[in-house]
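Subject: Handover of a structure and notes on its contents

Dear colleague,

Please find below the structure that I am handing over to you. I would be grateful if you kept it open while reading the notes.

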Amino acid sequence: MEKPKIAGKAPIAVDVKKGETYYWCACGRSSNQPFCDGSHVGTEFNPVAYTAEEDKTAYFCTCKQTKTPPFCDGTHLTLE
């Protein structure tokens with residue numbers, strides 16, 4: 001099983017808008033973090049779709065190790 005690339009060690013805050021869909025990069029290869037830019041093509045990864053239920057600030061994971069994709073769960077704090 002392929003492991004995702006660690007793109008960062010801190011979440012990225014994004015002001016999401018109710019009803020809009022965002023595609024979170026699951027592979028870690030995107031140059032448009034935390035969102036997908038198609039760099040996963042040829043890997044076993046696919047972006048994770050998230051549709052905002054309300055206007056708010058969401059904290060998207062960049063370490064790609066979260067247990068709650070696409071959101072940060074603090075796992076980056078345990079990485080070396």
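This is a predicted model: local features need pLDDT of at least 70, side-chain atom pairs count only at pLDDT 80 or more; totals for chains, interfaces and linings use all residues.

Residues are numbered from 1 along each chain as its sequence is written, and side-chain values use heavy atoms, with hydrogens and water left out.

Aromatic rings

The whole structure contains 6 aromatic pairs. Rings of Phe, Tyr and Trp (its six-membered ring) pair if their centres lie within 6.5 Å; planes under 30 degrees apart count as stacked, over 60 as edge-to-face and the rest as tilted. One of the pairs is formed by Phe35 and Phe60: the ring centres are 5.3 Å apart and the planes stand at 65°, so this pair is edge-to-face. Phe35 belongs to the loop between β2 (21-24) and β3 (48-51), and Phe60 to strand β4 (residues 56-60), so the pair ties together parts that are 25 residues apart in sequence. Strands here are DSSP runs (E, at least two residues), as are helices (H or I, at least four), and both are numbered from the N terminus.

Buried means under 20% relative accessible area, exposed means over 50%, and partly exposed lies in between (1.4 Å probe, protein chains only).

Phe60 also forms an edge-to-face pair with Tyr50, at 6.0 Å centre to centre and 75° between the planes. Because Tyr50 lies in strand β3 and Phe60 in strand β4, this pair ties together parts that are 10 residues apart in sequence. Tyr50 is buried, with a relative accessible area of 13%. Ring pairs link Tyr22, Phe35, Tyr50, Phe60 and Phe71 into a cluster.

Nonpolar core

Which residues make up the largest nonpolar core? There are 12: Val14, Val16, Tyr22, Trp24, Ala26, Phe35, Tyr50, Ala52, Ala58, Phe60, Cys61 and Cys63. At least two residues of this core come from each of β1 (12-16), β2 and β4. Such a core is a set of buried Ala, Val, Leu, Ile, Met, Phe, Trp, Tyr and Cys residues joined through side-chain atoms within 4.5 Å.

Ala52, one of the core residues, touches Val16, Lys17, Lys18, Gly19, Glu20 and Tyr22, not counting residues up to four places away in sequence. Contact means heavy atoms within 4.5 Å.

Salt bridge

The structure holds 1 salt bridge, in which the side chains of Arg29 and Glu2 meet at 3.1 Å, N to O. It links distant parts of the chain, with Arg29 in the loop between β2 and β3 and Glu2 in the segment before β1, 27 residues apart. The term requires a side-chain nitrogen of Lys or Arg within 4 Å of a carboxyl oxygen of Asp or Glu. Arg29 counts as partly exposed at 42% relative accessibility, and Glu2 counts as partly exposed at 30%.

Two individual residues

His40 is in the loop between β2 and β3 and, at 15% relative accessibility, counts as buried. Leaving out residues up to four places away in sequence, His40 touches Cys27, Phe45, Asn46 and Pro47.

Thr62 is in the segment after β4 and counts as buried at 4% relative accessibility. Beyond its neighbours within four places in sequence, Thr62 is in contact with Ile6, Ala7, Gly8, Lys9, Ala10 and Ile12. A polar atom of the Thr62 side chain lies 2.6 Å from the backbone oxygen of Ala10.

Backbone features

Most residues other than glycine have a negative phi, and most peptide bonds are trans. The peptide bond from Gln33 to Pro34 is cis, with omega near 5°, and Pro34 lies in the loop between β2 and β3. The bond from Pro69 to Pro70 is also cis, with omega near 10°; Pro70 is in the segment after β4. Lys64, in the segment after β4, has a positive phi of about 65° although it is not a glycine. At 7% relative accessibility, Lys64 counts as buried.

Yours sincerely,
A colleague

Methods:
A polar contact is a pair of N or O atoms within 3.5 Å; within protein, one must be able to donate a hydrogen and the other to accept it, and residues adjacent in sequence count only if both atoms are side-chain atoms.
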